[in-house]
Amino acid sequence: MKKLIYLSFLILSISSIAQNYNVDLSYYLPKGINYDQNIPTPKSIIGHEIGDWHITHDKLSQYMYALAETSDRITIENRGTTFEGRPLLLLTITSPSNHANIENIRTDHIALTEANSASLNTASMPIVVYQGYSIHGNEPSGSNAALAVAYYLAAAQGPKINELLNNTVILFDPSLNPDGLQRFAYWANIHKGKNINPDPYDREYSEIWPGGRTNHYWFDMNRDWLPVQLPESRARITTFHHWYPNILTDHHEMGTNASFFFQPGIPSRTHPLTPNKNQELTGDIAKFHARALDKIGSFYYTKESFDDFYYGKGSTFPDINGSIGILFEQASARGHAQESDNGILTFPFAIRNQFTTSLSTLEAAVKMRKEILDYQRDFFSNARKEASGSGAIVFGDEKDASKVYHLAEILKRHKIKFHEVKNDFTSNGKHFKKGYSYVVPKNQKQHRLINAMFEKRTKFRDSLFYDVSAWTFPLAFNLDYIENGSMSYAGAEVIDLQKKTVPSPANSNYAYLMEWHDYYTPKALYLILKKGLRAKVGMKQFSMNGKEYDYGTILIPVQNQKLSASELSAFIKDVAAKANVSIQSVSTGLTEGIDLGSNQFRVLELPKVAVIVGTGVTPYDAGEVWHLFDQRYDMLITKIDTRNFSRTDLSSYTDIILTNSWGNRLGKKDAEKLKTWVQNGGTLIGYKNAGNWFNSNELLKMELKTKKDTAQNISFEQRRDYRGAQVIGGAIFETKLDRSHPIAFGYKNNTLPVFRNSTIFLKPDHNSYNNPIQYTSNPLLSGYISEPNLKELQNTSAFKIGNLGRGQVIYFTDNHNFRAFWYGTNKLLMNAIFFGDEM
């Protein structure tokens, strides 16, 4: 009897799935509307109904081009390519008459953000809406919905669509993450059966590492709107500042057992720099979503989760730029259909909700057009009033023009004006050198964005954060800066930003010297060692020819090299040009301090580096290391999968990196294998919770602090908030450096800001020289940390090294390669790689 009941249930389930899954285009589209028969349907181009298969990016692109070819409402442009070479498409959708006047519309729209905009008549202006889909590739209902939305906008007929197109310019981004979308579509499609199986334990719903969420280098691109380090981000930020859209939508997915979320988020977790009016308008727009979802019977919620704090997210970045960002989160089938607490969740159902809220956004834009346009004008007008007479920010590094350039590059991408430093000057012991420093006037259009990028904040309305609580850019770049400087320091405005050119090294018959300060010196050293040349690192400071050389200076002798003196000279010139670093030629070994023949210059070897990747390893952290080596330093790095580790020959590697993990999949035998490899001369480098694994497997013994925490006077309802407040979601802290230690080579200051998002506390070694990176007694620079955690962090160590046979194990408590914009701490890993043997 039980078998019969189960069989009946199974038949009903399969029947229900078939009924709700096998849908055609009419399932998504509004009823009672005629469509232009000359406009191709998605099926006619991609070969299947929307939602029947997961759309691949090539087919998505094919359909978008087909629409642009047949519709006078649509133009299309390719703004660049991803790391994997996929196009970054943008459709501009509006009425044919608006297309004929599009540049004038854009110019008038931009004028709203400029000074003297009061005379502009917003009653006659179109509103600009940027619609972006599936920045997380394994949240694909957005990009699949984009097929239906684009078709509707191209083909729908009648007064309503005419009103929409006449009054709106839609910047339509059908895939914010082409590489991730392609990766996930492949996974979902290869596991689809003729009969859709909604069992959550089916392999379809458990994608393999690293998953489709991320881009090629495993970055979460929904954290890169402000740092703008990735090609996909750079394309969309260029579009954003070219238009300054009034509304920007960001379509995501969340857990299978949820329903549908739209903003506003939790009110107390909105960044204080975001105007209250922004949240009011977001709430008014939300009413349109509610009505639209009510109409099709879809459940939803708002204001209960997510936040608007970190300006690097797609739904929050617009808020500091005079726009309104809106996050949509749809419960995810994570495939074609999956059992959930709310019944069987089909992929077409998820797509329909995304389609519905895409249209409700546009409806709200039309109905609220003048109010939202006026808000945009007021935002920039008020920002200028706040900025009046507010001085300037100065930032620079007299030893490292490259880091300074890369921060200036971000400012340029965000249309922030800045100036050269007029003359060298000193302030509070910091030297600001012409050509190595810039002045940012606060009194400009992007005043609020400047505050968001440069401010240090340690007081908060709420103690819970969906993402990081601090991102102060000059701290992330480890630059000297003045928060409240004067425009008297400013020279000419920088119009055409260029990297500082370095003089070509003169010929030498004796030696070449390269200080280790510049960001790209590791790239230069790798080129030198890869050529098979001898190079050494100076363990002490010295001076010669009136120049001071710091710890870590690289020495390249001329004699006894594989190249002749003239060949070596040509090669060194080429290295200096490729890495854009300064290399000096010298004609004597006599110095003030250690002479060039001293044994305080230690021989370096070409590193061969591997990073452990795969199941159990955090993809973000591993991807950041891969990207750093591959894109920044042009250094080879081998990615060893945890599945293959036991049968991998490690003997050829000089360094192996183990980043943070979600649950380390390396076992006891793997630890013994690594131990033998280290004893034979290898350098093992670990981050964050790799330290626990090192400790438990006796690779590196250290004393990690344990914190006992008992909740007092906390109700059942408050328990999650209480626990969340004990998390360090991402803040910036001050450490003190021992600059004579090889791990700190290349740093000119005695303190270093570091990013931290964990509660791993390492007790300092009893010998002070073994604590070259140590948190100060008052370490908080910017961001949130609970008082108990702050007390635990004070004076702890951020670094540990231990010798094991002929090798060493190096451990960092924190991720120093965070999201590709923590330029200021990238060199710590390079120091561990190149100088590990000297520690």
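The model is predicted. The chain has 23 helices and 35 strands. Its radius of gyration is 29 Å, close to the 28 Å that the globule rule gives for 839 residues, so the chain is as compact as a globular protein of that length.

**Overall build**

- The C-alpha trace spans about 90 × 80 × 65 Å along its principal axes.
- Of the 839 residues, 62% count as buried.
- Among contacts between residues at least 6 apart in sequence, 79% join residues at least 24 apart.

**Surface and charge**

- The protein chain exposes about 32,700 Å², and carbon and sulfur atoms supply 47% of that area.

**Helix 5**

- Helix 5 covers residues 102-111, and its buried residues are Ile105, Arg106, His109 and Ile110.
- Seen down the axis of helix 5, these buried residues fall within an arc of 130°, so they line one face of the helix.
- The elements that cover them include two strands, strand 3 (127-133) and strand 4 (168-173).
- Helix 4 (96-100), helix 9 (231-243) and helix 12 (369-387) are also among the covering elements.

**Helix 23**

- Helix 23 runs over residues 826-835, and ten of its ten residues are buried.

**Cis peptide bonds**

- Tryptophan 209 and proline 210 are joined by a cis peptide bond with omega of about 0°.
- Proline 210 sits in the loop between helix 8 (178-190) and helix 9.
- Another cis peptide bond leads from glutamine 263 to proline 264, and here omega is near 20°.
- The loop that holds proline 264 lies between strand 6 (260-262) and helix 10 (276-296).

**Positive phi angles**

- Asparagine 560 is not a glycine, yet its phi is positive, at about 60°.
- This asparagine 560 is in the loop between strand 21 (554-557) and helix 17 (565-579).
- Exposed means over 50% relative accessible area, and asparagine 560, at 68% relative accessibility, therefore counts as exposed.
- Asparagine 795 is not a glycine either, and its phi is positive at about 65°.
- The loop between helix 22 (787-793) and strand 34 (799-804) contains asparagine 795.
- With 34% relative accessibility, asparagine 795 counts as partly exposed.

How values were computed: Residues are numbered from 1 along each chain as its sequence is written. This is a predicted model: local features need pLDDT of at least 70, side-chain atom pairs count only at pLDDT 80 or more; totals for chains, interfaces and linings use all residues. Side-chain values use heavy atoms; hydrogens and water are left out. Helices (H or I, at least four residues) and strands (E, at least two) are DSSP runs, numbered from the N terminus. The radius of gyration is taken over C-alpha atoms; the globule rule is 2.2 Å times the number of residues to the power 0.38. Buried means under 20% relative accessible area, exposed over 50%, partly exposed in between (1.4 Å probe, protein chains only). Contact means heavy atoms within 4.5 Å. Accessible areas come from the Shrake-Rupley method with a 1.4 Å probe; for residues, only the protein chains shown count as cover. The arc is that of the directions from the helix axis to the C-beta atoms.
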